[in-house]
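Work through the exercises below with the structure open beside you. Try each task before you read its solution.

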Amino acid sequence: MTSHTSDGGSVDFLPGPILLIGPPGVGKGTQAKMLVEQFGIPQISTGDLLREHRQRRTELGMLAESLMSQGELVPDDLVNDMVADRLAQPDCERGYILDGFPRTLPQADWLDRYTAADRVKESASSGRGASLAVYALSLVVPHDELLRRITGRRISPAGRIYNIYTNPPEVEGVCDVDGSRLEQRSDDTEAAFEKRMQEFSQKTGPAIEHYRALGSFIEVDGSAPVAQVTKAIFAAIHAFRAVVT
Ligand code: AP5
């Protein structure tokens, strides 16, 4: 199957669901945007979905607000329901990139059940179900570099990601593309970062081990420059595809 990308290019296959897993600041959002370009499938960031709920002052958003600013995870059931709603939308039919989900073992179990049901449906309708293997992609970067990335990150209201150290805008505090003012996330403080790291090792560690044991697991060094990490991710996806199909 040929997938047309937004820049007019094309790739000759569509991967199954891609899961981007890793600690805060490792580059999940940055790399998800490269994958969207390449495969033309949507990025679903649970962090972004929760921030949208906060902005709209929904019940979920208000509950998530203090947990998120303290660097704690939002309860599994609420996040799973939110993801289920998003995956039910038509743009996910050709595939999707999950950015920051799953990040606990119960979330991974939920997703296993969801994708297994999807494979059965897809097999019945097109015979393609067996090729919908999950690509669990874990990015790894040393602690001190993560802290630097987090405290240096600035974001435009439209979601463009900058960094005052590694990817600064041309004019300080202003988005190069639309001239909007750049902002710092409320959880991008050193204290919240350390709590997020603790949550990551205690709760996301077991989810990573789950995918490692299943064999549907790719680990990529995320400490190189962005373009090099992207290249390593594409190479790993192609190599993994050769194994699962
Ligand atoms: P979320 O928004 O997902 O935050 P996170 O996982 O902590 O990840 P970040 O968005 O901070 O980093 P990133 O890996 O996307 O890095 P980025 O590409 O921006 O979640 C926030 C909160 O929501 C959680 O703490 C939790 O409370 C809640 N939540 C979300 N999902 C949940 C779930 N599933 N269950 C329960 N609760 C959930 O890059 C970072 C910086 O580094 C940028 O400035 C970028 O320019 C720079 N950079 C990126 N790559 C490179 C590179 N290769 N070289 C140099 N600089 C780079």
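Predicted model: local features only at pLDDT ≥ 70, side-chain atom pairs only at ≥ 80, totals over all residues.

## Exercise 1: A peptide bond

**Task.** Is the peptide bond that joins Phe101 and Pro102 cis or trans?

**Solution.** 
- Step 1. Locate Pro102. This residue lies in the loop between strand S5 (97-99) and helix H5 (105-126).
- Step 2. Read omega. The value is about -5°, and the bond between Phe101 and Pro102 is cis.
- Step 3. Most peptide bonds are trans.

## Exercise 2: Two helix pairs

**Task.** At roughly what angle do the axes of helix H1 and helix H8 cross, and which residues make the contact?

**Solution.** 
- Step 1. Take helix H1 (residues 28-39) and helix H8 (residues 226-244). Their axes come within 10 Å and cross at roughly 55°.
- Step 2. H1 passes H8 in a right-handed crossing.
- Step 3. List the contact. H1 supplies Thr30, Gln31, Met34, Leu35, Gln38 and Phe39, and H8 supplies Val226, Val229, Thr230, Ile233, Phe234 and Ile237.
- Step 4. Sort these residues. Eight are nonpolar, four are polar and none is charged.

**Task.** How do the residues in the contact of H6 with H7 divide into nonpolar, polar and charged?

**Solution.** 
- Step 1. Helix H6 (residues 143-152) packs on H7 at an angle of about 135°, with the axes 10 Å apart.
- Step 2. H6 and H7 are therefore oblique to each other. The crossing of H6 past H7 is right-handed.
- Step 3. From H6 come His143, Leu146, Leu147 and Ile150, and from H7 come Glu190, Phe193, Glu194, Arg196 and Met197.
- Step 4. The division is five nonpolar, one polar and three charged.

## Exercise 3: Buried or exposed?

**Task.** Are His210, Arg86 and Gly16 buried or exposed?

**Solution.** The cut-off for buried is under 20% relative accessible area.
- Step 1. His210 is in helix H7 (residues 190-214). Its relative accessibility is 18%, so His210 is buried. Leaving out residues up to four places away in sequence, His210 touches Leu105, Ala108, Asp109 and Asp112.
- Step 2. Arg86 belongs to helix H4 (residues 76-87). Its value is 14%, so Arg86 is buried. Beyond neighbours within four places in sequence, its contacts are Pro42, Ile44, Leu49, Asp91 and Cys92.
- Step 3. Gly16 lies in the loop between strand S2 (10-11) and strand S3 (18-21). At 1%, Gly16 is buried. Apart from neighbours within four places in sequence, Gly16 contacts Leu132, Ala133 and Tyr135.

## Exercise 4: Cysteines

**Task.** How many disulfides does the structure hold?

**Solution.** 
- Step 1. Look at Cys92. It is buried, because its relative accessibility is 6%.
- Step 2. Look at Cys175. It is buried too, with a relative accessible area of 3%.
- Step 3. Count the disulfides. The structure holds zero.

Note on methods: Residues numbered from 1 in each chain as written. Heavy atoms only, no water. Helix = DSSP H or I, 4+ residues; strand = E, 2+ residues; numbered from the N terminus. Buried < 20%, exposed > 50% of the residue type's maximum accessible area, 1.4 Å probe, protein only. Contact = heavy atoms within 4.5 Å. Axes fitted to C-alpha atoms, helices over the stretch in contact; angles between N-to-C directions. Left-handed = near helix turned anticlockwise from the far one by under 90°. Nonpolar A, V, L, I, M, F, W, Y, C, P; charged D, E, K, R; others polar. Disulfide = S-S within 2.5 Å. Parallel < 35°, antiparallel > 145°, perpendicular 65-115°, else oblique.
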